Amino acid sequence: MGAPRLASDKVLEPLKGRDPTIATICSHSSLQIFHGARLEGFRTLGIARGRPPRFYDAFPLAKPDLFLALPKVAEIGEHAERLRKEGAVLVPTGSFVEYVGPERFSKLPVPVFGNRKVMEWESDREKERLWLEGAGVRMPRKFTDPSEIDGPVIVKYYGAKGGRGFILAKNRRELESHKIDEPHVIQEYVIGTRYYIHFFYSPLNDRGYRVGDGSLELLGMDRRDEANIDELYKLGSQEELLRAGIHPTFVVTGNVPVVIRESLLPEVFEIGEKIVERSIDLFGGMVGPFCVEGIMTEKLEFYVFEISTRIVAGTNVYINGSPYSDMVAPGLSTGRRIAIELKRAISEGRLAEVLS
Ligand code: ATP
């Protein structure tokens, strides 16, 4: 049978008869992407904003073999020819896609690891909800009419960036005291413990936890450190904080490793499975790393508030393997897993199923 063909011959043209070069932006999770690529024998290329960052000198095993320095990453399209000449395969990351813009990224004439069609479904909150709810995954309630609000809520602006610009309110009355003038969604604020679950879907692997024609792997989990919300409780109630002019933000400052109760793993896999299956029906499937971001309540019900359909920075805590990925292959990082998938696709002549 085999997975759907995602890449046309035209997209794959620059890779004909040569080994690809793994390329990504010099930020986010680039260290493990380059490190993993190198371990699997790939040449690597770092796309830098301005001068290449000096910190690579401190990490020789993760320093890219060559750099492409651009004044603005958003202008990467103008350098597509050079990237094609290098045989580049772009690995999308949150920063990469944000700098270039999802629409422009999805049209770049350079091979990309994974299915670019996913961007259209992930970057639009409404379409993302259609996908996830259509998959049968539990999500926080969405309020279209504020009169229905019967508990704490979080207000998210469309296009809110970098964890800023959220409003938290304990009830409807408190929400009414805020001025909200931009397009937004009001969501139930779920009280529980956050888990950011790192999955990898391989359309090529015909062993393991089978989903579709391929297999689903669990490579790790993290929790984000979010300034300043994570520490606000030390200062007392929201109303007092607001009176003091302190507004909660969810700016990510780092990540910590976590594991989930083993008895919850069946549900974790079921969630990943349903999301992948729905993605196959909707747009030919997600390929490679993705992260399901949610909250486990005291009733042990998991609410998914977001999906990131590419490598997330939380995987950086596991460059030498995680308590889960170590049982897939010793010392396996998500970055290395990408390189392994690419290598397998080359040896089996199936690049069109993992690139787009
Ligand atoms: P990013 O794209 O950087 O992941 P975003 O702007 O899409 O961010 P979300 O990921 O949806 O925003 O939410 C940011 C943070 O807000 C989450 O990491 C989590 O801590 C908190 N959060 C989001 N939705 C809820 C919810 N329904 N209940 C409780 N907390 C939430």
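1. Cover of helix H2. In this predicted model, the elements that cover the buried residues of helix H2 include strand S1 (21-25), strand S2 (43-49) and helix H12 (334-347). Helix H2 spans residues 30-39, and because 7 of its 10 residues are buried, the helix is largely enclosed by the rest of the structure. The buried positions are Ser30, Gln32, Ile33, Phe34, His35, Gly36 and Ala37. Just after H2, Gly41 adopts a positive phi of about 90°.

2. Division of the chain. The protein chain falls into domain 1 (9-137 + 192-225 + 257-353) and domain 2 (142-190 + 227-253). The centres of domain 1 and domain 2, taken over C-alpha atoms, are separated by 30 Å. To the contact, domain 1 gives 12 residues and domain 2 gives 15 residues.

3. Origin of the ligand shell. Domain 1 and domain 2 each contribute at least three residues to the shell around the ligand. In terms of secondary structure, at least two shell residues come from each of strand S6 (153-157), strand S8 (184-188), S9, strand S11 (214-228), strand S13 (288-296) and strand S14 (302-308).

4. Composition of the ligand shell. There are 19 residues around the ligand, and those that come nearest are Lys156, Val190, Tyr196, Glu226 and Glu306. By class, the shell comprises 10 nonpolar, 1 polar and 8 charged residues.

5. An N or O atom in the side chain of Glu226 is 2.6 Å from an oxygen atom of the ligand. Gln187 places a polar side-chain atom 2.9 Å from a nitrogen atom of the ligand. For Arg125, a polar side-chain atom lies 3.5 Å from a ligand oxygen atom. The ligand taken alone exposes 610 Å², of which the protein buries 86%.

6. Setting of His198. His198 belongs to strand S9 (residues 193-202), one of the strands that supply residues to the ligand shell. Is His198 buried or exposed? With a relative accessible area of 1%, His198 falls under the 20% limit and is therefore buried.

7. Contacts of His198. The side chain of His198 forms a polar contact of 2.7 Å with the side chain of Asp222. The His198 side chain also reaches the backbone oxygen of Tyr196, at 3.4 Å; Tyr196 is itself among the residues that come nearest to the ligand. Not counting residues up to four places away in sequence, His198 touches Glu217, Leu218, Leu219, Gly220, Met221, Asp222, Phe290, Cys291, Val312, Gly314, Thr315 and Tyr318.

8. Setting of Val97. Val97 is located in helix H4 (residues 94-100). Its relative accessible area of 7% is under the 20% limit, so Val97 counts as buried. Leaving aside neighbours within four places in sequence, the residues in contact with Val97 are Pro92, Pro102, Phe105, Met119 and Arg310. From C-alpha to C-alpha, Val97 and Gly50 are 17 Å apart in space, with a separation of 47 residues in sequence.

Terms used:
Residues are numbered from 1 along each chain as its sequence is written. This is a predicted model: local features need pLDDT of at least 70, side-chain atom pairs count only at pLDDT 80 or more; totals for chains, interfaces and linings use all residues. Side-chain values use heavy atoms; hydrogens and water are left out. Helices (H or I, at least four residues) and strands (E, at least two) are DSSP runs, numbered from the N terminus. Buried means under 20% relative accessible area, exposed over 50%, partly exposed in between (1.4 Å probe, protein chains only). A polar contact is a pair of N or O atoms within 3.5 Å; within protein, one must be able to donate a hydrogen and the other to accept it, and residues adjacent in sequence count only if both atoms are side-chain atoms. Contact means heavy atoms within 4.5 Å. A residue is near a molecule or strand if one of its heavy atoms lies within 4 Å of it. Accessible areas come from the Shrake-Rupley method with a 1.4 Å probe; for residues, only the protein chains shown count as cover. Ala, Val, Leu, Ile, Met, Phe, Trp, Tyr, Cys and Pro count as nonpolar, Asp, Glu, Lys and Arg as charged, and the others, Gly among them, as polar. Domain bounds come from an automatic or database domain assignment.
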